[in-house]
Amino acid sequence: MRCMSTTSPVAAARCAARISDLPCALDAIGAMGIAAAARALVVFLDYDGTLTPIVSQPEDAILAPEMRTAVENLATRCPVAIVSGRDLKDVQARVGVAGLYYAGSHGFEIAGPAHLLAEYEPAQAYLPALDAAESTLEHLLGTIPGARVERKRFSIAVHYRNVEAGRAGAVEDSVDRTLERHAGLRKGRGKRVFELQPAVDWNKGRALAWLLEQLQLEHSTALPLYIGDDLTDEDAFRALEAGGIGIVVGHGDRTTAAHYRLRDPEQVQRFLQRLAELLAAPARRSPRAR
Ligand SMILES: [Mg+2]
């Protein structure tokens, strides 16, 4: 790899690397500098594919009790935020842990402790366009078996996981025709899903920066750590350029801006447990303690 680590153990290579070339975060956790960091660790977690395995139907992505416990324990040690493409209320209900920060709709809506509740206001003007696009999509995709339109408050997901391979192109055509008819929306991509969203400059990376602001932390005082599996998470990994730890969940040749990888949600759970142990260790309070 051409990139080099710099003086900080967390300022690892910033160029895009293949997921399969990244070090495993479980092996590297001791070298991340977390225990010794003067900055306050803040953990950001994606939901689908990160805390739960990817499933055919989005409603079947249930959080395992052991994973909930791992998240709960970690949240007693540092701020934890869940950042998801799901609606805020949906992801809150699925995780069900009090005291966390929740960012739904890729961060367009955010809730947290002490009654924090905020929507990215410029996105509200796009709600009529989303309503109209939803009707168009229902109409155009009605003839493609397996295609599914899922309306969320600030986006529309078009799932094609259950569409036969030869017809995936027809799904994208329908999405493109819908975008031509309804101005102000843009297309995003995930794993076997297209997302229609307000065409505003906002993504999981912006949401991450905004949440740090809400926590009254900036990159100089916070050490953000973000774990996610999908393309939308890459915006968050890129937002960590000022210093932070990006961990991609998955394997294979896709390029990523993350620094480390974890294979699947089971490894994510082990990593969160190790992180909580590390933060609980006396060494964090006193560098000389063994
Ligand atoms: Mg995901």
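View 1. Asp-46 is buried, with a relative accessible area of 5%; buried here means under 20% relative accessible area, exposed over 50% and partly exposed in between, using a 1.4 Å probe and protein chains only. A word on the model before going on: it is predicted, so local features need pLDDT of at least 70 and side-chain atom pairs count only at pLDDT 80 or more, while totals for chains, interfaces and linings use all residues. Residues are numbered from 1 along each chain as its sequence is written, and side-chain values use heavy atoms, with hydrogens and water left out. The magnesium ion is coordinated by Asp-46 (OD), Asp-48 (O) and Asp-229 (OD), at 2.1 to 2.2 Å. Donors are N, O and S atoms within 2.8 Å of the metal (3.2 Å for Na, K and Ca), and the site may look incomplete because water is not among the atoms. Along the chain, the donors of this ion follow the spacing D-x1-D-x180-D.

View 2. Look for Asp-48 in the loop between strand S2 (40-45) and helix H2 (65-75); helices (H or I, at least four residues) and strands (E, at least two) are DSSP runs, numbered from the N terminus. Asp-48 counts as partly exposed, at 22% relative accessibility. Setting aside neighbours within four places in sequence, Asp-48 is in contact (heavy atoms within 4.5 Å) with Ile-54, Ala-61, Ser-84, Arg-86 and Asp-229. With Arg-86, the side chain of Asp-48 makes a side-chain polar contact at 2.7 Å. Such a contact is a pair of N or O atoms within 3.5 Å; within protein, one must be able to donate a hydrogen and the other to accept it, and residues adjacent in sequence count only if both atoms are side-chain atoms.

**View 3. Stacked aromatic rings.** The whole structure holds 7 aromatic pairs. Rings of Phe, Tyr and Trp (its six-membered ring) pair if their centres lie within 6.5 Å; planes under 30 degrees apart count as stacked, over 60 as edge-to-face and the rest as tilted. Phe-108 and Trp-202 are stacked, because their ring centres are 6.4 Å apart and their planes stand at 20°. Phe-108 lies in the loop between strands S4 (101-104) and S5 (109-112) and Trp-202 in the loop between strand S10 (193-198) and helix H6 (204-214), so the pair ties together parts that are 94 residues apart in sequence. Both Phe-108 and Trp-202 are buried. Tyr-160 and Phe-194 are stacked too, with ring centres 5.0 Å apart and planes at 20°. Tyr-160 is buried, with a relative accessible area of 11%, and Phe-194 is buried at 1%. One aromatic cluster is formed by Phe-108, Tyr-120, Phe-154 and Trp-202.

View 4. S9 and S10 run antiparallel and are joined by 6 bridges, and Gly-190 stands opposite Val-193 in S10.

Notes:
Pairing = 2+ DSSP bridges.
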